Amino acid sequence: MKNTTNKKNLDAYLTLIAGIVLVLLNVVLLAGKMPAYYSGILRFVGINIILAVSLNLINGITGQFSLGHAGFMAVGAYVSALVSIHLGWPLILALFVGALAAALLGVLIGLPTLRLKGDYLAIATLGLGEIIRVVILNLDITKGARGLGSIPRTTNIYLVELVAVITILFTVNLMRSTHGRALLSIREDEIAAEAMGINTTFYKVFAFSAGAFFAGLAGGLFAHSMGYIAPSNFEFMRSIEILVMVVLGGLGSITGSVVAAFVLTILPEALRGFAQFRMVLYSALLIAIMLFRPSGLMGTRELDVRSALTIFKSGGEKDAE
Amino acid sequence: MLQIKNLHVYYGQIHALKGVSLEVKPGEIVTLIGGNGAGKTTTLKTISGLLTPKEGEIVYQGEKINNAKAHELVAKGLIQVPEGRHVFAQMSVQENLDLGAFPRKDKQGIARDQEKVFELFPRLKERRSQTAGTLSGGEQQMLAMGRALMGGPKLLLLDEPSMGLAPLLVREIFSIITEINKTGVTILLVEQNANIALSVAQRGYVVETGKVFMEGDSTSLATNEEVRKAYLGG
C-alpha cells in the first residue's frame, strides 16, 4: 500500500516537472530567445513524438508488430510535398491529404497482411515499407534518388506541437473508449477477443490505418520543415528508430513513447561532444536502459494531469483516492 | 435451435470432419464426446464461425450460418467459451466481464446479467479487481464462462471445461453448467471426460475420426458396452 502511494506521488511529481518543462520551453520559444538550432531539434522531437505515439497504437496497444512505419511517413511526406509544390495548397490541407493517402494505404496493406501474426507480420510490413521506398525511388514525379527539393518550409514549432498534442489526445481518448478496450483485448488474446464478438479484422485494420494517418502527418510536417526530402530519409532504419522509441518508452504507454521520443531525439545531439564515440554511447545507453527497465521506461504506466493536481490538494502526503 | 447436416471441414489438405450431423433443441444440454483428434473442437469452431465448412449446412434459429463470422454470431446469442480458457490475463476480472458484453448496448440488461454471473460464481465477485492472470485454473474457467454469459447467450458452446482442473473443481464447474442451463441457456458441451459430461447432458453424440459414431440419450450411451469400453474406462 505504502509502495503504491509512493509510486503515485512519484508520478504526480514527474507530471508536474514535465508540465513545467513544457511551459518553460514554450515561454522561451514565444519570447524568441530560443536559438534556431535548438528549436530545430524541438521540431524533430515533436515529429518523433507523433511517430512514436502512432506506432504505439499499432504495436503497443493493438499488439500488431509493424516495421513499416517509415513507409507511411514517406507517403505522407511525398504526397503533401507534391500537393504543396504543384497545386500550391495551404500547408494544413497538404498535410491532411498526405495523411489521408497514408491512411488509405494503411487500409490496403492492412487487410491482407494483418491476418499474419508476430514475426511474420513484422517481416511483411518490413517488406511493404521497403516497397514504398523503392516505388518512390523509381517514380519520375518524386524525382527518384535525387530527392524532392523546393518544398515550402512552412512548418513551425507551434504547428508541430499542436499536431503532437492532437495525436496524443486522440490516442489516449481512444484507449479509454470501448473501441480502445477492443484493441487492448486483441493484444491480450485474439482468439478470446473474436469469441467475445469483437470484429478483430476491423479493429486491427482500423488501428493500422489510424497509426498510418498520424505517421503521414508526421511525414508531411517533416517535409515542410526540411524543404528537401529523399528516399534515404525513409529507410528501414527509420522504422527501427521509431520502434526503439516505442519499446524503450514501454509498449502500450503513451507517456513512455513521448518521453522516449524526447530523450532519444535529444540524446544524439547532446552527445556531440564525444565526437566519434557518440553512437557507441547512444547504443550503450539503450542497452543499459533495457537491462534495468526491461518493460521500458514507463512500463504500461501513464502520467496524468489529474495526478499532479493531487499534490496541491493533499500536500503530497496522502493518497488522494 | 441448432441443426447440422453432413458437415465437411478441411484444414488445408486434411479432411477433419467427414459428414457430421447433429441437432440441439432449445433448453437442452447436449454433449459431444470422443477421443483426441476426433473432431469435437473442430465441430465447435465451425459452428461458432472460426472455421468455414466446405460442405454441409449449419442452421441456427432457422437461419443458415455457414459463412457467418464469429463476431456476428455472438451478437445473435451463439457464444463460445474457447478451449484453454483464454482469459485476458493482464486485465482485471471486471474488465474481462465488461469485454464479454462488448456487442451489447442495453446497460440494464448487462447489469442484470452481471448480477447473475456473480450469483453463479461468487468467487468472481470477491476477486473483481484482481488481475485475471493471477487466478487459479478453476477460477479462470469460471471467469471464461462468466464472461461468455455477459454476452447474453441463447446457445452456449463449451469446449473442454474440465481441462487441467482438479476432480473436485470439475464437479463444481459441471454443477454450475447445470445451473446455467436451468436459467434457460441451451448448451452444447464438448468434453473428453465422458463420464461427467454424460451425467449432466440429456443427449450425447460420440465423435470418432471426423464422423458421428453413435448418438442417443445420456443413459443409453453411458450403459452402452462399446462406449463404456472406449471412453468410460470399462
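Lys143(A) counts as partly exposed because its relative accessibility is 41%; the class lies between buried, under 20% relative accessible area, and exposed, over 50% (1.4 Å probe, protein chains only). Before I continue, the conventions. This is a predicted model, in which local features need pLDDT of at least 70 and side-chain atom pairs count only at pLDDT 80 or more, while totals for chains, interfaces and linings use all residues. Residues are numbered from 1 along each chain as its sequence is written, chains are lettered from A and ligands numbered from 1 in the order in which they are written, and side-chain values use heavy atoms, with hydrogens and water left out.

To return to Lys143(A): this residue sits in the loop between α5 (118-138) and α6 (157-176) of chain A, where helices are DSSP runs of H or I with at least four residues and strands are runs of E with at least two, numbered from the N terminus. Its phi is positive, near 65°, in a residue other than glycine.

In chain B, Thr209(B) likewise has a positive phi, of about 40°, although it is not a glycine. Thr209(B) belongs to the loop between β9 (203-208) and β10 (211-217) of chain B, and it counts as exposed because its relative accessibility is 52%.

A further positive phi, near 60°, is that of Gly12(B), in the hairpin of β1(B) and β2(B), which has two residues between the strands. Strands β1 (residues 2-11) and β2 (residues 14-24) of chain B run antiparallel and are joined by eight bridges; two strands pair if DSSP finds at least two bridges between them. Leu2(B) has Val24(B) as its bridge partner in β2(B).

I turn now to the interface. How many residues of each chain are in contact? Chain A contributes 17 and chain B 19, contact meaning heavy atoms within 4.5 Å. The area buried between the two chains is about 1,600 Å², with 70% from carbon and sulfur atoms; buried area is the accessible area (1.4 Å probe) lost on putting the two parts together, summed over both. In chain A, Arg181(A), Glu188(A) and Met196(A) lose the most area to chain B, together 38% of what that side buries.

Across this interface the rule finds one salt bridge, that is, a side-chain nitrogen of Lys or Arg within 4 Å of a carboxyl oxygen of Asp or Glu. The side chains of Arg181(A) and Asp98(B) form a salt bridge at 3.8 Å, N to O. On the chain A side, α7 (178-188) and α8 (190-195) each give two or more residues, and α7(A) gives the most, with six.
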